[in-house]
Every structure is written in C-alpha cells, then in structure tokens.
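Visitor: I am new to this structure. Please pick one part and take me through it closely.

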Amino acid sequence: MNTFLKANINNIFIDKFQCDPVLIFSPGRINIIGEHTDYNDGFVLPAAINKGIIAAISRSNSNISTVYAIDKAEMLEFSINNLKPYPEGSWQNYVLGVVNEIQNQGKTISNFNMVFGGNIPVGAGMSSSAALENSVVFGLNKIFTLGLTKKELVLISQKAEHNYVGVKCGVMDQYASMFGIENHALLLDCRTMESKQYEIDFKNHELLLINTNVKHSLSDSAYNDRRAVCESIASKLNVNALRDVTEVNLESIKNELSVEDYQKALYVIQENNRVVKASEAIERGDLKTLGKLIYESHFGLQNLYKVSCEELDFLVKQAKLNVQVLGARMIGGGFGGCAINLITKGAVESFKMSVLKEYKLKFNKDCTYYSFKLSDGTRVIN
Ligand code: GLA
C-alpha cells in the first residue's frame with residue numbers, strides 16, 4: 001500500500017467534499033495456480049498483494065452520489081434511486097453494479113461521495129476490477145453500517161460483475177482481494193467458499209510478475225463462452241460442476257463432444273488436480289514440483305483451454321530457457337496481462353535484462369516487471 005497515494009486521495013477528497021472520509025485499501029491479487037477452475041466449483045491458490053485501490057468514501061448530504069476516479073480524471077454522478085449501467089467496458093459499472101447488488105439484498109443506503117485511485121495496471125490479470133468492487137462494497141458496508149459479512153461482500157462484488165459488467169466470473173478475485181493474509185496464499189475451495197492459508201516463504205526463490213502489456217478484455221465473449229462449455233459438459237454428466245468429474249468420466253462422453261470442448265473440460269479437471277498437488281508441494285517446500293505444475297498449467301491454458309496469447313507464450317518460453325526459473329505461466333483470465341515466474345532470487349536481475357531485450361526484439365514493445373508482497377485483504381487504513 002502506497003502512503004503517498006493514500007495522502008493524495010485523502011487530500012483530494014477533503015478538498016472536494018470538505019469532510020474526513022473513511023479510507024480503504026483493497027488489494028489486487030496474484031494466483032499461484034488454478035486458473036478457470038473457480039467457476040467450476042474447483043480449487044484456486046491466489047494471494048492478495050500490496051498493490052491495489054485506495055478509496056476515500058463518506059455519506060453525502062445531497063441527493064446525488066459523486067465518484068471521482070483520479071487515474072482517469074473522470075467523475076461519475078448518479079442518484080442511488082436511479083441506476084443505469086454505462087456502456088460495456090466502463091469503470092463506472094463496477095461502482096454502480098455494487099450499489100445495485102446491495103439494493104438487491106434489500107439493504108438501504110443513501111447517496112455517498114468517493115475518490116479512488118490505484119497502483120495496479122488495468123487489464124493485467126491482477127484484478128483491478130475486483131479491487132475496485134471490494135473497495136466500494138466494503139466502504140458502503142462501513143459508512144452505512146449494513147452489517148454484511150465479508151463473505152456476503154465478496155458475493156455482492158461478484159454479482160456486480162455478472163450483472164453490470166457482464167462477465168460471469170468465478171469468485172477467486174473478489175475472495176482473494178477481500179480475505180488476503182500477509183505473506184500467505186489461500187487454497188480456496190470455490191464450492192464451499194472456505195480457504196486454508198499457506199505461508200509463502202520460498203527461501204532463495206521468489207515470485208516475479210512480468211506484464212506483456214497486452215491488455216486483456218474479459219467482457220468479450222471468450223470468458224463467458226468457456227464457462228458455458230464447462231457448464232454444459234457438467235450437465236451432460238449429471239453433476240453440478242466439472243469439479244465433480246474425473247478424466248475417466250469425461251472419456252465416457254468423449255464422442256459426444258467436439259475436440260475443442262473435450263480439451264477444455266480436460267484442462268479444467270487436470271488444473272483442479274494440479275492446485276491440490278501444488279499446495280502439497282508448498283507444504284513440503286518442494287519448489288521443483290511446484291514449478292513443474294506451474295509450467296503444466298500454462299501448457300494447458302495455451303493448448304487445451306486456449307486463453308493465452310503469443311506474448312504470454314513467448315514469456316513462458318523465455319522462462320523455460322533459463323534453468324533458474326522453476327516455473328512460469330499466465331495468470332488471470334488470459335489473452336494478455338501478466339506471467340508469473342518462480343525464480344531463484346540471485347537470478348532475477350539477469351533474467352529481467354534478457355527477457356526485456358528478447359521481448360523488445362520480438363514484439364517491438366516493452367514488457368514490465370512488478371515486485372510485490374503478499375498482503376492483507378480489503379481493510380480500513382485511516
Ligand atoms: C478472471 C475471473 C476469475 C477467474 C480467472 C481465471 O480473473 O475474474 O473469476 O475465473 O479469470 O482463473
């Protein structure tokens with residue numbers, strides 16, 4: 001969390017609204033492994049990070065709500081009694097969607113003022129959207145003393161994304177951002193919404209994020225289409241979700257499925273198993289196995305689930321050429337954003353230099369690096 005950003009947002013809020021706000025930090029997340037398993041009721045292994053959204057919020061005495069996005073220098077004005085979605089792709093929908101879902105829960109709020117900004121890049125697979133949703137829902141819960149539990153807040157953020165943003169996302173991002181624990185990753189069972197914390201101390205290895213700077217867009221239909229494929233295969237097999245399916249079960253209906261759909265379901269089943277194996281490897285301190293599982297995850301995302309892109313595949317290929325990198329893969333929904341690398345600490349700088357050079361040669365643009373710490377989840381920071 002950035003103290004300069006916090007002071008800046010606080011000052012802008014006081015300037016605009018002449019009162020002291022509640023200040024909230026809501027983190028982005030990384031995901032060690034378990035991609036596209038969350039909406040299949042499966043397992044994921046994410047962690048909140050020390051980068052995210054800082055929001056200043058308080059009740060408004062007027063009959064409009066004002067939300068100012070400092071990074072975009074854009075203002076949203078609306079009345080909580082008259083909500084309408086903005087066009088697809090607008091940041092305003094994350095805010096309005098949360099307000100709408102709170103009202104759908106039968107909770108009463110009045111108008112409010114908010115100023116927010118952040119330090120996670122949008123579209124990089126680090127869940128800037130979940131961070132924003134959580135900052136709004138957490139803030140409104142606080143200033144209107146709604147008494148909602150953290151789990152309820154997570155579900156409201158997720159529904160906002162379904163109904164206002166149009167992405168039928170799973171629960172991983174909102175959960176990780178809300179429930180994060182410093183220095184820990186969470187093995188989350190997305191069916192029960194229960195998680196187990198794993199301390200992440202990789203000794204002389206660390207996690208490094210590299211951004212392709214290719215912006216993904218989840219709201220295009222690719223994400224929702226995949227979710228629909230998974231659900232239709234689960235229902236063919238008379239189970240609730242692919243979580244309940246084994247490779248043997250899937251084989252039994254293979255000839256009823258297109259090759260592409262079969263591969264997608266196979267990926268989900270295998271990835272779900274990998275998450276469990278990865279958490280066991282972390283427990284044993286077996287980073288070699290963890291790295292291998294991370295590479296396998298990317299292979300599946302690239303070749304079976306088909307949500308990678310040329311730039312991400314290139315970054316993972318560069319990682320494979322370097323023996324100091326134990327594993328690398330894309331994170332998040334895909335089609336751009338970041339790759340995560342499990343790398344020997346002493347090798348980080350030379351790896352960065354070499355990838356920067358090769359990436360530029362190949363794509364004629366830069367990739368960027370992020371260092372981060374695993375952080376606590378959404379919270380008040382006044
Ligand atoms: C996006 C979604 C998550 C999850 C990932 C893929 O980040 O918001 O729910 O499905 O993609 O693992």
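Guide: Look at helix 4. Its buried residues pack against helix 2 (92–104), helix 3 (128–143), helix 5 (172–179) and helix 6 (221–236). Helices here are DSSP runs of H or I with at least four residues, numbered from the N terminus. Packing rests on contact, meaning heavy atoms within 4.5 Å. Buried means under 20% relative accessible area, with a 1.4 Å probe and protein chains only.

This is a predicted model: local features need pLDDT of at least 70, side-chain atom pairs count only at pLDDT 80 or more, and totals for chains, interfaces and linings use all residues. Residues are numbered from 1 along each chain as its sequence is written, and side-chain values use heavy atoms, leaving out hydrogens and water.

Which residues of helix 4 are buried? They are Leu-153, Val-154, Ile-156, Ser-157, Gln-158, Ala-160, Glu-161, His-162, Tyr-164 and Val-165. After the helix comes Gly-166, with a positive phi near 95°.

Now step to helix 3, one of the packing partners. Leu-140 touches Ile-57, Val-99, Ile-102, Ile-109, Phe-112, Thr-145 and Leu-146, leaving aside neighbours within four places in sequence.

Beyond four places in sequence, His-298 touches Ser-308, Leu-312, Asp-313, Val-316, Ala-328, Arg-329 and Met-330.

Conventions: Buried < 20%, exposed > 50% of the residue type's maximum accessible area, 1.4 Å probe, protein only. Helix = DSSP H or I, 4+ residues; strand = E, 2+ residues; numbered from the N terminus.
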